[in-house]
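This report describes charged side-chain pairs and strand pairing. Please consult the sequence and the model shown here while reading.

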Amino acid sequence: AFLPATTSFYTIDSDNVIISTIKKAEDTDEVIARMYNVKGHNETVNVSSYFDIQGYKKTNIIEEFPKAVPPQLQVGKFAIETFSLDVK
């Protein structure tokens, strides 16, 4: 897909959380977003996308045990979190 220079496939609204990985899930057609919190307090993160995100799930680092979560993703202090995004 082509994007203008001012558009991103994915963005987040927190300066303290960094997306380290965006990839296709191993066993589904969803997209995995792995992120980590660089500060010593919990963060709420909203993910925006060029694509339509229809659902959010929190998984473990090897993409097991997905659990539906609200779009306001919670990333604990100094935590590495893995989320599965249902993208259309």
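Does Glu81 count as buried or exposed, and at what relative accessibility? At 13% relative accessibility, Glu81 counts as buried; here buried means under 20% relative accessible area, exposed over 50%, and partly exposed in between, computed with a 1.4 Å probe on protein chains only.

The model is predicted: local features need pLDDT of at least 70 and side-chain atom pairs count only at pLDDT 80 or more, while totals for chains, interfaces and linings use all residues. Residues are numbered from 1 along each chain as its sequence is written, and side-chain values use heavy atoms, with hydrogens and water left out.

**Salt bridges**

Side chains of opposite charge can pair when their charged atoms come close. The structure contains five salt bridges, a salt bridge being a side-chain nitrogen of Lys or Arg within 4 Å of a carboxyl oxygen of Asp or Glu. Among them are the pairs in the table.

| Pair | N to O distance |
|---|---|
| Glu26 and Lys23 | 3.0 Å |
| Lys58 and Glu81 | 3.2 Å |
| Lys88 and Asp86 | 3.3 Å |

The salt bridge between Lys58 and Glu81 links distant parts of the chain, with Lys58 in strand 5 (residues 53–59) and Glu81 in strand 8 (residues 80–87), 23 residues apart. Strands are DSSP runs (E, at least two residues), numbered from the N terminus.

In the pair of Glu26 and Lys23, Glu26 is exposed, with 58% relative accessibility, and Lys23 is partly exposed at 25%. Lys88, paired with Asp86, counts as exposed at 57% relative accessibility; Asp86 is partly exposed, with a relative accessible area of 21%.

Strands of a sheet pair through backbone hydrogen bonds, either parallel or antiparallel. In this model, five strands form an open sheet in the order 2-3-8-5-6, with antiparallel pairing; two strands pair if DSSP finds at least two bridges between them. The edges are held by strand 2 (17–24) and strand 6 (67–68), each with a single partner strand, so one side of each has no neighbour in the sheet.

Strand 2 pairs with strand 3 (residues 31–37) in the antiparallel sense over seven bridges. Opposite Ile19 stands Met35, which belongs to strand 3.

Notes: Helices (H or I, at least four residues) and strands (E, at least two) are DSSP runs, numbered from the N terminus.
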